[in-house]
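Dear colleague,

Here is the structure I promised to hand over, with my notes on what was found in it. Please read them with the coordinates open beside you.

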Amino acid sequence: MIDREKDKKRRAFLFQTKWFPAYREFMKCYPLNVESLIDEIWKDIEGYEGDYQESNYGRTKSFKGKKPRILKPRISKEGYLEVNLCKKGKSKSVRVHILVARSFVSNPENKPEVNHKDGIKFNCHESNLEYMTRSENIRHALNTGLQKLGFKRSNAKLTDEDVRYIREHYKFRDKEFNSIVLAEKFNVNPSIIRDVVQRKRYKNVK
């Protein structure tokens, strides 16, 4: 059953974001019919075999129910397309580009992040995706102008992985890894980056 109050809040948030105009235009041409597109390839989603398939175009097909259907993706607050996958009564939200990359993009060096080559987060075709390290991803965003200085949330939470990354890569007055650039990447104030490096915050993270 749809949580109408939750859905109402999600829609209200979506209308206020900068992503909505592009998302609206995208959905006009996003085919929800089950017929395959030209050169479209489908593969079972790992862990959901028999229930869901992902295509190299970034379409997600569900086999749960009386007949197959294409899931309509929603947009996350960061601007990525997401779908819900259900298994044994538990629902999980997954980003579409991650599903495509896992099924169709090789990752011989086992890099942890998936990047959109053209910077368009709605373009989840396999040809537009590549695996990167976090530092490579930051560099790509800066070089393409996708990442710019903006609003910082001083109360943003950092994961242990984030903290380790910051301490490992931070360099004073470095163009790529100074406190301002890292603060933009993790959506916090530069002062928090300095506190993390000086171990005034997250002291328990080794």
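At 36% relative accessibility, Arg 201 counts as partly exposed, because that class lies between buried, under 20% relative accessible area, and exposed, over 50% (1.4 Å probe, protein chains only). The side chain of Arg 201 meets that of Asp 195 in a salt bridge, with 3.1 Å from N to O, where a salt bridge is a side-chain nitrogen of Lys or Arg within 4 Å of a carboxyl oxygen of Asp or Glu. Asp 195, by contrast, is buried, with a relative accessible area of 18%.

A word on the basis of these values: this is a predicted model, in which local features need pLDDT of at least 70 and side-chain atom pairs count only at pLDDT 80 or more, while totals for chains, interfaces and linings use all residues. Residues are numbered from 1 along each chain as its sequence is written, and side-chain values use heavy atoms, with hydrogens and water left out.

Asp 195 belongs to helix α7 (residues 190–197), in which Ile 192, Ile 193 and Val 196 are buried as well; helices (H or I, at least four residues) and strands (E, at least two) are DSSP runs, numbered from the N terminus. Seen down the axis of α7, its buried residues fall within an arc of 165°, so they line one face of the helix, the arc being that of the directions from the helix axis to the C-beta atoms. These buried residues pack against α5 (160–169) and α6 (179–186), and contact here means heavy atoms within 4.5 Å. Between α5 and α7, Val 163, Ile 166 and Arg 167 of α5 meet Ile 193, Val 196 and Val 197 of α7. The two helices, α5 and α7, pack at an angle of about 80°, with their axes 9 Å apart, which makes α5 roughly perpendicular to α7. Axes are lines fitted to C-alpha atoms, for helices over the stretch in contact, and angles run from 0 to 180 degrees between N-to-C directions; those under 35 degrees count as roughly parallel, over 145 as roughly antiparallel, 65 to 115 as roughly perpendicular and the rest as oblique. After α7 comes Arg 199, whose phi is positive, near 60°.

Returning to the charged pairs, the structure holds nine salt bridges. One of them joins the side chains of Arg 59 and Glu 40 at 2.9 Å, N to O; Arg 59 lies in the loop between β2 (52–55) and β3 (60–62) and Glu 40 in the loop between α2 (20–29) and β1 (42–44), so the pair ties together parts that are 19 residues apart in sequence. Arg 59 counts as buried at 2% relative accessibility, and Glu 40 counts as buried at 10%. Arg 134 and Glu 113 also meet through their side chains in a salt bridge, at 2.6 Å from N to O, and this pair links distant parts of the chain, with Arg 134 in helix α4 (residues 134–143) and Glu 113 in strand β8 (residues 113–116), 21 residues apart. Both Arg 134 and Glu 113 are buried. Arg 74, Glu 82 and Arg 95 are linked in a network of salt bridges.

Lastly, there is an open sheet of three strands in the order β5-β6-β7, with antiparallel pairing, where two strands pair if DSSP finds at least two bridges between them. Its edge strands are β5 (74–75) and β7 (90–95), each of which pairs on one side only.
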